Amino acid sequence: MITSNKLSIDQYEKNFSAIHPPFENKEAALMEANRCIFCYDAPCTKSCPTEINVPKFIKQITTDNLKGSAHTIFVSNIFGGGCSRVCPVEKLCEGSCVYNLLHEKPIAIAKLQRWATDKAIQDKWKLFDRKPSNGKTVAVIGAGPAGLSCAHVLSREGVDVTVYEKESKGGGLMTYGIAAYKVTPEFCQSEVDYISSLGGIEIKYDHAVGKDITLEQLQKQYDAVYIGFGVGLANQLNIPGEELDGVEDAISFIYNIRSKGYSQVPVGDKVAVIGMGMTAIDAATQAKRLGAKEVTMVYRRSEAEKNCTQVELDIAMLDGCKIQWLAAPVAIVGENGKVKALVCDKMKLGAPDFSGKPAPERTGETITLEVDMVIKATGQKPYKTLVDENGLKNTKGKLLTDEHGATNIKGVFAGGDCVNGGKEVVDAVQAGKKGAAAILEYFKI
Ligand SMILES: Cc1cc2nc3c(=O)[nH]c(=O)nc-3n(C[C@H](O)[C@H](O)[C@H](O)COP(=O)(O)OP(=O)(O)OC[C@H]3O[C@@H](n4cnc5c(N)ncnc54)[C@H](O)[C@@H]3O)c2cc1C
Ligand code: SF4
């Protein structure tokens, strides 16, 4: 049965406590920092999309220069605190650490990054000065990682920035999407406060562009516009039974956990999660942690083609989630308007399709999973109507820009998920920096 309050408060707290806890004390952080051999031409820096000077910030930790260390991180990535919690480091900085070649544990780069940035955010260190206002104004759409990273760079250069955000909190999917056991709502709030404490950044919450104000109005009111509104709408499965009570999309399921609190979110006893990306993993593990007895992840290809990393899959498996590889949902069966079962075609792998992965082909056999809840996590689709209505060039809603982030409309720039279709936080932060540089070039500042 789908119910909320399945567990005791203590159990919820335990289930949702951080999976990557910080260093316990300075000695532990120093010991780890001192393992770093400070490579020349460091591969970790090259593998970080924001190119944080990793050896430098780690060296600064070893010399007890924590302010310098935090500055080194934030100058490249103002979301360095959030990224230290959510980056899939196994495929980024830590994945390229030379210790891997020696078959030793890589340096805990993210944990060290957290050590320096947590202190900065907690103690509200003022690490940047804003240049005097130069009279230029920019409207940023979306207070997510792309929008706020762009806003911070622009404001440092003396541009006055106004951010229009449709939700009542900033941080974008950091606040409303990413699993609560990776990053807490409290931390997200303090990170947004820290970023905007620079000055010159006004965030207008509960202001949706396209509803409360138009792009055209922003173009008239400001010298330039930066679009960082992400991809928000969940893909449909387009199979019979999708309208039944108990079918939910992963984004709204996670949004509810993040905004209402664990105990208030209803979850089934037997849950099927469709998809095998990061969102699917987050939905499955959180369904289990909310008290579902059985969670089965359903994916139409095999393990070799999964979109999530092995580390993420391991989290789901350790949480006791089952995996049904090579199964494509074809119908959701209901009883009295409620989900009763998920029917899937069994698949086999054929020749590679347009994605380069072996295409799943139907075998003619079916399997039926007895479930009372189905969570859809098969990707998100861009805000196509909003984009088309404003004459912005796009491919299926994904904004088209030049390599600097300029759209086809003069003075309108874009970046982050709305351009790349959905990557990681660290990619959106880098896109925001690039967009800010392009706007400054446009202003010739
Ligand atoms: C469930 C889930 C789990 C994820 N887990 C991870 C993870 O573990 N690690 C990781 O690195 N990445 C993860 N990601 C991806 C990451 O969250 C995104 O890549 C990143 O947040 C993109 O940043 P953005 O600024 O481009 O967009 P967003 O974060 O989506 O921010 C866009 C902002 O624009 C606002 N907005 C939208 N439309 C309008 C409008 N019309 N007017 C005004 N404001 C508007 C939105 O409310 C939002 O605040 C995950 C994503 C999801 C969905
Ligand atoms: S931002 Fe992410 S990828 Fe870059 S160094 Fe930090 S943890 Fe690694």
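View 1. Strand β6 (residues 247-249) runs parallel to β13 and is joined to it by three bridges; valine 247 has valine 374 as its bridge partner. Strand β7 (residues 270-274) also runs parallel to β13, with four bridges, and here valine 271 stands opposite methionine 373. Strands (E, at least two residues) and helices (H or I, at least four) are DSSP runs numbered from the N terminus, and two strands pair if DSSP finds at least two bridges between them.

The structure is a predicted model, in which local features need pLDDT of at least 70 and side-chain atom pairs count only at pLDDT 80 or more, while totals for chains, interfaces and linings use all residues. Residues are numbered from 1 along each chain as its sequence is written, and chains are lettered from A and ligands numbered from 1 in the order in which they are written.

**View 2. An open sheet of three strands.** The strand order is β10-β11-β12, with antiparallel pairing. β10 (327-335) and β12 (358-370) stand at the edges with a single partner strand each, so one side of each has no neighbour in the sheet. From one strand to the next the twist averages 20 degrees (axes are lines fitted to C-alpha atoms, for helices over the stretch in contact, and angles run from 0 to 180 degrees between N-to-C directions). Strand β11 (residues 338-352) is joined to β12 by nine bridges, and valine 343 stands opposite threonine 368 in β12.

**View 3. Domain 1 against domain 2.** The protein chain is divided into domain 1 (20-122), domain 2 (137-232 + 382-443) and domain 3 (235-379), with bounds from an automatic or database domain assignment. The centres of domain 1 and domain 2, taken over C-alpha atoms, are 27 Å apart. Contact joins 14 residues of domain 1 to 17 residues of domain 2 (C-beta atoms, placed from the backbone, within 7 Å). On the side of domain 1 that touches domain 2, α6 gives the largest share, five residues. By class, this side of domain 1 has nine nonpolar, four polar and one charged residues. Ala, Val, Leu, Ile, Met, Phe, Trp, Tyr, Cys and Pro count as nonpolar, Asp, Glu, Lys and Arg as charged, and the others, Gly among them, as polar.

**View 4. The shell around ligand 1.** Of 39 residues around ligand 1, the nearest are Gly142, Gly144, Gly172, Gly230 and Gly416 (near means a C-beta atom, placed from the backbone, within 6 Å of the molecule or strand). Domain 2 and domain 3 each supply at least three residues of this shell. Its classes are 19 nonpolar, 12 polar and eight charged residues.

**View 5. The shell around ligand 2.** Ligand 2 is surrounded by 15 residues, and the closest are Cys48, Cys83, Cys87, Leu92 and Cys93. Helix α7 supplies the largest share, three residues. The shell around ligand 2 has 11 nonpolar, four polar and no charged residues.

Notes:
Contact = placed C-beta atoms within 7 Å.
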